[in-house]
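Morning, everyone. Please bring up the structure on your screens. I'll start with one annotated span, then take a sheet and a helix pair.

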Amino acid sequence: MSARTLFDKLWDTHQVRAETDTTPGVLYIDLHMVHEVTSPQAFDELRSRGLKVRRPDRTLATLDHSTPTLPPDAQGKRPYYTKEAEAQVAKLEANVREFGIDLMGWDSPQRGIVHVAGPEVGATRPGMTIVCGDSHTATHGAFGALAFGIGTTEVGHVLATQCLLQRKPKSFAIHVDGRLQDGVTAKDLILHIIGKIGIGGGTGHVLEYTGEAIRALSMEERMTVCNMSIEAGARAGLIAPDETTFAWLEGRERVPKGEAWDRAVAYWRTLPTDEGATYDREVRIDASTIQPSVTYGTHPGMVVGIHTPVPAAVDAVEQRALDYMKVTAGKAMTGETVDVVFIGSCTNGRLSDLRAAAGIMRGRRVAAGVRMLVVPGSEQVRRDAESEGLHEVFQAAGAEWRQPGCSMCIAMNGDLAQPGQLVVATSNRNFEGRQGKGARTVLASPLVAAASAVAGHVADPREYMNQEVAA
Amino acid sequence: MSQTSRPLAYVHSRTAVLRNENIDTDRIIPARFLTTTERTGLGKHCFEDWRYAADGSDDPAFPLNQPRARGCAILVAGRNFGCGSSREHAPWALLDYGIQAVISSEIADIFRGNSLKNGLLAIVVSEAEHRWLLDNPGVELRIDIAEGTIRLPDGGSVRFDLDAFSRHCLLNGVDQLGFLLQQGADIAAFESRMEEAA
């Protein structure tokens with residue numbers, strides 16, 4: 001057989017029926033993750049047609065988007081932002097009961113953001129196809145799984161048939177040579193990549209991230225990179241599985257054990273792209289030149305190095321973005337006054353992210369007038385962080401330590417910024433109004449976010465690193 | 001409620017134009033309206049943060065609020081329309097608002113797929129054709145789905161690509177879940193092969 005890419009192999013092994021000129025292919029889905037926002041209409045559709053969920057055992061639900069991040073009151077009542085949010089969560093709880101689906105719900109120690117909790121329990125494994133009604137499903141590609149976001153109609157398709165109608169996208173290799181400098185993270189890398197290829201640069205393609213800099217990343221860092229593939233327009237991003245992947249997975253609840261583990265690993269070793277396989281597009285990036293990076297505009301492709309002057313607007317639309325952000329071309333983002341700092345989300349809400357931020361916050365205070373919200377990505381992350389005392393570091397600094405959820409990334413649970421406020425956020429989207437009507441979002445790494453919280457303005461974390469502060 | 005949309009053969013309307021590039025799905029329907037558990041009723045929130053003034057009245061500066069844009073069923077939008085979140089609430093909101101076709105030089109993948117599954121035509125044209133449409137708001141277009149053409153007021157026409165399956169589904173109001181359900185035997189055979197190999 002001719003040389004194939006990782007993507008080709010994942011695609012080929014899941015073809016129930018190949019595509020033809022007149023019909024799309026039928027692609028089998030190994031794991032379908034479900035949350036409260038994009039599923040209710042799909043369950044209604046099944047009910048109206050008298051259909052069952054074909055494979056409840058391949059379906060896993062969680063509560064994350066509409067959920068409050070403040071604890072319940074003394075009577076156990078959760079502080080939902082609206083009645084609709086509460087009803088939406090109740091509807092998923094009822095749907096999973098009716099259709100026999102596992103839910104990582106309020107009473108579960110595994111509840112969390114779908115793209116944090118899924119990998120943690122070992123539901124995400126190399127070689128799989130994974131979908132969810134959420135565009136950041138690309139996160140799971142970090143394990144060498146073909147993972148992409150779908151709409152609610154397709155959520156219904158997968159619930160009913162465990163399959164999707166798909167035409168094969170093109171492939172796009174992003175080779176990242178060299179090593180990231182100290183203080184430069186996976187978040188800076190992916191922001192830099194999106195800035196380079198543009199927010200529509202990956203449209204119609206599945207990305208594969210390769211090269212020395214990618215191999216050197218931990219699993220959590222790889223998830224950060226793959227997570228934002230959609231911000232370059234690509235539905236999926238992949239990283240080939242390797243020893244880092246296997247070591248991270250071994251022993252997790254839903255991962256095979258004993259001989260089955262050995263067989264699985266042997267198979268996973270066959271997945272990486274073959275020597276001589278070709279991609280439809282390729283780009284090469286030098287990791288060693290990347291600086292801590294931030295967005296300055298109103299989409300994730302408007303990215304600059306933290307000390308690089310904001311480029312002049314090339315047209316009226318870009319000028320409008322600069323005006324909305326109240327930033328000035330020719331001036332670097334460092335020094336922009338910060339109102340809110342948000343650390344969390346499926347991009348940067350994992351333990352290593354909280355450790356990185358806490359490393360800067362330890363013994364320091366959030367600057368006067370800045371509100372800082374730290375939201376762990378899952379109950380597991382929360383427990384691990386609390387056992388290390390990270391919550392105390394944040395609280396001592398004056399930050400709010402919240403319960404897991406999507407929180408201020410999508411701002412539909414009441415965690416939101418006020419009009420005009422500037423938010424340095426570790427999340428993935430800086431669209432106008434994303435974090436609240438009129439809110440101005442600067443996307444950044446947990447290091448940059450923490451340094452900015454302390455400084456009160458957008459700040460370079462390297463000025464705070466390796467400088468011990470008396471606690 | 002059935003997902004099957006009614007058969008759609010033509011869209012005949014004047015165009016409304018939003019020149020902005022990269023109009024994301026948060027812009028089309030802000031996340032705070034996603035707590036609905038219905039598909040209907042989102043039209044009043046379509047472009048919510050763009051179209052209303054602070055007092056809740058229509059903002060006259062928003063292009064779709066201008067008299068000539070009223071009642072238009074064809075939206076011509078800047079490059080990379082529908083990027084960002086996979087929320088199907090975006091095409092639901094546009095349809096409920098009265099839009100039946102979106103034309104751009106580039107349309108984000110997930111949005112495009114979601115739209116076609118709901119009977120919202122998402123059409124990609126060349127950059128030159130796109131520029132002309134952006135520069136001529138209010139022109140009367142007739143979109144013929146079977147032919148894959150956009151008829152211009154001067155009698156000329158522009159071809160667009162639409163995959164055969166989406167075309168068939170739109171023209172016949174065929175629902176894709178029905179098609180998938182017919183593959184049940186193949187899916188079962190695939191599952192047996194896969195479980196033997198594991």
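Take residues 16–127 of chain B: their end C-alpha atoms lie 18 Å apart. The span is 24% helix and 13% strand. Helices (H or I, at least four residues) and strands (E, at least two) are DSSP runs, numbered from the N terminus. This is a predicted model, where local features need pLDDT of at least 70 and side-chain atom pairs pLDDT 80 or more, while totals for chains, interfaces and linings use all residues. Residues count from 1 along each chain as its sequence is written, chains are lettered from A and ligands numbered from 1 in written order.

An unreviewed UniProt entry annotates residues 16–127 of chain B as "domain: Aconitase A/isopropylmalate dehydratase small subunit swivel". Such annotations may be inferred rather than shown by experiment; positions follow the numbering used here, and feature names are shortened.

Now the sheet. In chain B, seven strands form an open sheet, ordered β4-β3-β2-β1-β5-β6-β7, with mixed pairing. Its edge strands are β4 (121–124) and β7 (157–159) of chain B, each pairing on one side only. Pairing takes at least two DSSP bridges between two strands. Strands β2 (residues 74–77) and β3 (residues 101–104) of chain B run parallel, joined by three bridges. There, I74(B) stands opposite A101(B) of β3(B).

Over to chain A. Helix α2 (residues 40–49) and helix α5 (residues 152–161) of chain A have axes that come within 8 Å and cross at roughly 50°. Axes are lines fitted to C-alpha atoms, for helices over the stretch in contact; angles run from 0 to 180 degrees between N-to-C directions. So α2(A) and α5(A) are oblique to each other. Under 35 degrees is roughly parallel, over 145 roughly antiparallel, 65 to 115 roughly perpendicular, and the rest oblique.
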